[in-house]
Amino acid sequence: MSDREEVREYRVRELAEAAGVPVRTVRFYRERGLIPPPRREGRIAWYDAHHLARLRTITALLERGHTLNGIADLATAFDSGRDVGEVLGLGEPTDETPVRLTPEELADHFAGEVTAENLATALALGYLATDGDDLVHISRRLLDASAALVRAGVPLAAVFEAARAVRVHADTLADLFTTTLRTHAPGASPETLRPLARSVVDAELSMALDRRLRQSDPRARTDSEAPTDSQRQTDSSARTEPRAQTDS
């Protein structure tokens with residue numbers, strides 16, 4: 001968006017022309033709450049660059065097959081979401097890279113899963129924040145992983161449910177590592193904790209996944225593994241059962 005567009009205001013007919021939609025469509029979207037009310041100066045309604053961006057977003061989402069009801073829910077989630085400054089402006093060190101997304105780009109990442117309920121959950125978890133008519137995802141790695149899970153068939157709501165559980169365990173691990181460092185190495189720089197903690201967690205999680213996958217895969221059982229109780233009982237019965245008598 002150019003600097004000229006940033007400061008310019010539009011009358012309804014000018015806005016409609018810039019967005020490539022009829023005037024009646026602008027008025028219809030305004031009545032449905034899909035775009036915010038204009039600034040009024042007497043009897044003149046003035047629209048700005050945010051209105052233009054919202055109209056272009058609505059057009060793009062409609063072209064991707066979204067319904068007006070779904071877009072209205074999306075607009076509500078946008079307008080009630082936490083601002084990006086609230087989420088990202090904390091000044092905390094992080095290894096994560098935020099990602100700026102338009103609503104249509106978000107819809108492309110999670111085809112069919114960008115509902116108002118899922119957006120509200122993402123905003124509540126702090127994964128998403130609003131910045132004008134754009135969204136900002138807190139972590140490129142989490143965005144890519146979530147999108148890959150959805151492509152594999154996992155509903156986005158289930159991804160969020162797992163994320164809540166993971167966050168609880170992650171907070172517990174962070175408390176454990178910080179307490180250990182403060183107790184036994186109070187003079188150490190806190191930044192030394194981050195790579196060490198990540199290495200330990202990555203290694204332990206990798207080994208835990210190996211164990212779980214071996215347990216769930218029947219092909220992973222080796223001849224050296226002990227037989228089960230039922231197998232022992234069957235073998236014992238076979239040894240003690242008398243042989244059938246034959247005719248002499």
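The model is predicted. The protein chain has 248 residues, of which 29% count as buried. Its secondary structure consists of 12 helices and five strands.

**The chain overall**

- The protein chain exposes about 16,900 Å², and carbon and sulfur atoms supply 52% of that area.
- Taking contacts between residues at least 6 apart in sequence, 67% join residues at least 24 apart.

**His51**

- His51 is part of helix H4, which covers residues 49–63.
- His51 counts as buried because its relative accessibility is 5%, and buried means under 20%.
- Beyond its neighbours within four places in sequence, His51 is in contact with Leu15, Ile35, Pro36, Pro37 and Pro38.

**Helices H2 and H4**

- Two packed helices are described by the angle between their axes and the distance between the axes.
- For helix H2 (residues 12–19) and H4, the angle is about 45 degrees and the axes are 9 Å apart.
- H2 and H4 are therefore oblique to each other, since angles under 35 degrees count as roughly parallel and those from 65 to 115 as roughly perpendicular.
- The crossing of H2 and H4 is right-handed.
- On the H2 side, the contact is made by Leu15, Ala18 and Ala19; on the H4 side, it is made by His51, Leu52, Leu55 and Arg56.
- Sorted by class, the residues in the contact of H2 with H4 are five nonpolar, one polar and one charged.

Key:
Residues numbered from 1 in each chain as written. Predicted model: local features only at pLDDT ≥ 70, side-chain atom pairs only at ≥ 80, totals over all residues. Heavy atoms only, no water. Helix = DSSP H or I, 4+ residues; strand = E, 2+ residues; numbered from the N terminus. Buried < 20%, exposed > 50% of the residue type's maximum accessible area, 1.4 Å probe, protein only. Contact = heavy atoms within 4.5 Å. Areas by Shrake-Rupley, 256 points an atom, 1.4 Å probe, with all protein chains shown as cover. Axes fitted to C-alpha atoms, helices over the stretch in contact; angles between N-to-C directions. Parallel < 35°, antiparallel > 145°, perpendicular 65-115°, else oblique. Left-handed = near helix turned anticlockwise from the far one by under 90°. Nonpolar A, V, L, I, M, F, W, Y, C, P; charged D, E, K, R; others polar.
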